[in-house]
Amino acid sequence: MLVLGLESSCDETGVALIDDQKGLLAHAVHTQIDMHKLYGGVVPELASRDHIRRVIPLIEQVLEEAGKTKADLDAIAVTQGPGLAGALLVGVSVAHALAFALDIPVIGVHHMEGHLLANLLADPAPQFPFIALLVSGGHTQIMKVTRFGQYELLGDTLDDAVGEAFDKTAQLLGMCYPGGPGVSALAEKGLSGVIDLPRPMLHAPNLDMSFSGLKTAVLTAVQKAPDANAPEFRANLARGFVDAVVDVLATKAIKALKQEKLKTLVVAGGVSANKQLRERLRLETAKRGMKVFFPPIKLCTDNGAMIATAGLARIKHMSQDEINLHFKNLRFNVKPRWQLKEAAADIG
Ligand code: KG4
Ligand code: ZN
């Protein structure tokens, strides 16, 4: 079975082809970062227009790379939400039009389920059950995943997502969007403990998190600094920020593993590319005889391969009657706000 995956929920147009026997055949991502950089964040209208320009050429590119044609496709998986409504509509409309013409089904995928299942493309891939740490620009969640489609939310951020905290810190340090990679690289040059920042909710009895206080602490440190542009100060502040974030995420993830008596941690979302987080989680899990899995680096941030993977997994869990409902659907919609557990409820 050959599945085309389309991702257009935010500022990356991602397209991929996955074969249920041979795995990932081809994938391509066009990032709009350079376009949005000028504005310090994603401009939704510009994002939608750019998806329109990119999506068809990218589909043609991956088909050609894989030596396939549209007629070889058996299904299309597309991000249905959450995300920017206009941006989602581009991928979803293209998916439905193409599928209508080819008479194949369209499977709507939850963006975070895609991130989570990108781990299935790692070698070795994790086995269920596991604890998932979903860390992206819009989400910071800890989940118990018993099997495919069964996601129990154990902890969430009460305010900013961790990727957002990286992006805002980068802005305060005069770096461009998206801030994660820049802050992480700057932190490598700084010293731990010179600037000590708060670890919000670290010792709270639950698995919830909060990052807005940390962002304010970064702002205060910048405002109070005699020279906020001094390279040493910037590096130490970045280090202090990264140390605080990593401390909170690692502590909560280990706590969840212990609480649920599980030994496997799966990390997903853009922030799972973070070097310091990877190092710390490897250390903490190894110490306790636990295992941690990350997606391949290129598949941490938004891409079509994760959507194709999640779509294929969904199809495999559907009966033929359920699959039949996904043909020639002219009443399709997008779900800009969509909880993963609502998406999971679709699976029997
Ligand atoms: O998953 P993603 O591509 O998009 C969303 O679904 O939100 O995540 C984007 C987020 C951004 O906030 C970006 O700054 C962050 O992931 N990010 C990182 C790194 N690479 C991307 N954060 C920390 N370290 C990184 N290396
Ligand atoms: Zn994402």
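Residues are numbered from 1 along each chain as its sequence is written, and chains are lettered from A and ligands numbered from 1 in the order in which they are written. In this predicted model, local features need pLDDT of at least 70, side-chain atom pairs count only at pLDDT 80 or more, and totals for chains, interfaces and linings use all residues; side-chain values use heavy atoms, with hydrogens and water left out.

**Exercise 1. Give the strand order of the open sheet and find its edges.**

Step 1. Helices (H or I, at least four residues) and strands (E, at least two) are DSSP runs, numbered from the N terminus. Two strands pair if DSSP finds at least two bridges between them.

Step 2. The open sheet has 5 strands in the order E8-E7-E6-E9-E10, and its pairing is mixed.

Step 3. Strand E8 (151-156) and strand E10 (291-293) are the edges, as each pairs on one side only.

Step 4. Take the E9 side of E10. Strand E9 (residues 264-268) runs parallel to E10, joined by 3 bridges. Leu 265 stands opposite Val 292 in E10.

**Exercise 2. Describe how helices H5 and H8 pack.**

Step 1. Two packed helices are described by the angle between their axes and the distance between the axes. Axes are lines fitted to C-alpha atoms, for helices over the stretch in contact; angles run from 0 to 180 degrees between N-to-C directions.

Step 2. The axes of H5 (residues 162-172) and H8 (residues 231-259) come within 11 Å and cross at roughly 175°.

Step 3. H5 and H8 are therefore roughly antiparallel (over 145 degrees).

Step 4. List the contacts (heavy atoms within 4.5 Å). H5 supplies Val 162, Ala 165, Phe 166 and Thr 169; H8 supplies Phe 241, Val 242, Val 245 and Leu 249.

**Exercise 3. Is Leu 172 buried, partly exposed or exposed, and which residues does Leu 172 contact?**

Step 1. Buried means under 20% relative accessible area, exposed over 50%, partly exposed in between (1.4 Å probe, protein chains only).

Step 2. Leu 172 lies in helix H5. At 30% relative accessibility, Leu 172 counts as partly exposed.

Step 3. Leave aside neighbours within four places in sequence. Leu 172 then contacts Lys 215, Val 218, Leu 219 and Val 222.

Key. Angles under 35 degrees count as roughly parallel, over 145 as roughly antiparallel, 65 to 115 as roughly perpendicular and the rest as oblique.
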